Amino acid sequence: MPKVILILNRCFLCEDEDSYNTPHNVRRHLITKHDLTLPARQAGQRFRNTPSTTYVAVATTGSVEHFACPSCCFSCDKKTDLKSHVKISHLPQAPSSSSSSPSSSPSSSSLMKRKRSTAEGDSTSTTSTDPELSSRKE
């Protein structure tokens with residue numbers, strides 16, 4: 001019998017358990033509430049059943065909850081694992097400086113938020129409200 005996985009579209013930054021109908025709605029939430037833009041899934045990319053795994057959108061007897069990435073077909077059973085996946089796979093890496101030591105350079109896997117262009121031009125800044133995820137300014 002295949003493993004049954006319930007796909008949950010939830011924000012990996014919020015503590016609440018609000019669920020969204022689609023990955024697009026999660027990305028929209030991330031933009032409006034967290035000022036974080038993630039890429040969309042490629043056209044036609046979705047969770048596909050295999051002989052060993054069946055994906056469902058509604059809970060069934062024996063289904064296991066997985067958090068779905070809003071940008072690709074990755075899922076996991078912990079929000080923290082999804083948060084790590086997004087940092088590593090879908091966000092720009094923090095710039096590294098060849099003249100600074102490793103202990104003083106920002107973490108390469110920092111989760112950064114893009115601020116919209118300022119009134120002065122196209123400059124963008126990166127910030128995060130989550131201290132664990134924000135990069136240090138040099």
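Before you click, note that the model is predicted: local features need pLDDT of at least 70, side-chain atom pairs count only at pLDDT 80 or more, and totals for chains, interfaces and linings use all residues. Residues are numbered from 1 along each chain as its sequence is written, and side-chain values use heavy atoms, with hydrogens and water left out.

Start with the whole chain as a cartoon. You will find two helices and seven strands, where helices (H or I, at least four residues) and strands (E, at least two) are DSSP runs numbered from the N terminus. Follow the chain from that end and the order is β-β-α-β-β-β-α-β-β.

The chain exposes about 8,800 Å², with 51% supplied by carbon and sulfur atoms; the areas come from the Shrake-Rupley method with a 1.4 Å probe. Of its 138 residues, 36% count as buried (under 20% relative accessible area; exposed is over 50%, partly exposed in between; 1.4 Å probe, protein chains only).

Then select Asp35, in the loop between helix H1 (23-34) and strand E3 (53-56). Its phi is near 55 degrees, a positive value in a residue other than glycine. Most residues other than glycine have a negative phi. Asp35 counts as buried because its relative accessibility is 17%.

Last stop: Pro51, in the loop between H1 and E3. Pro51 is at 81% relative accessibility, so it counts as exposed.
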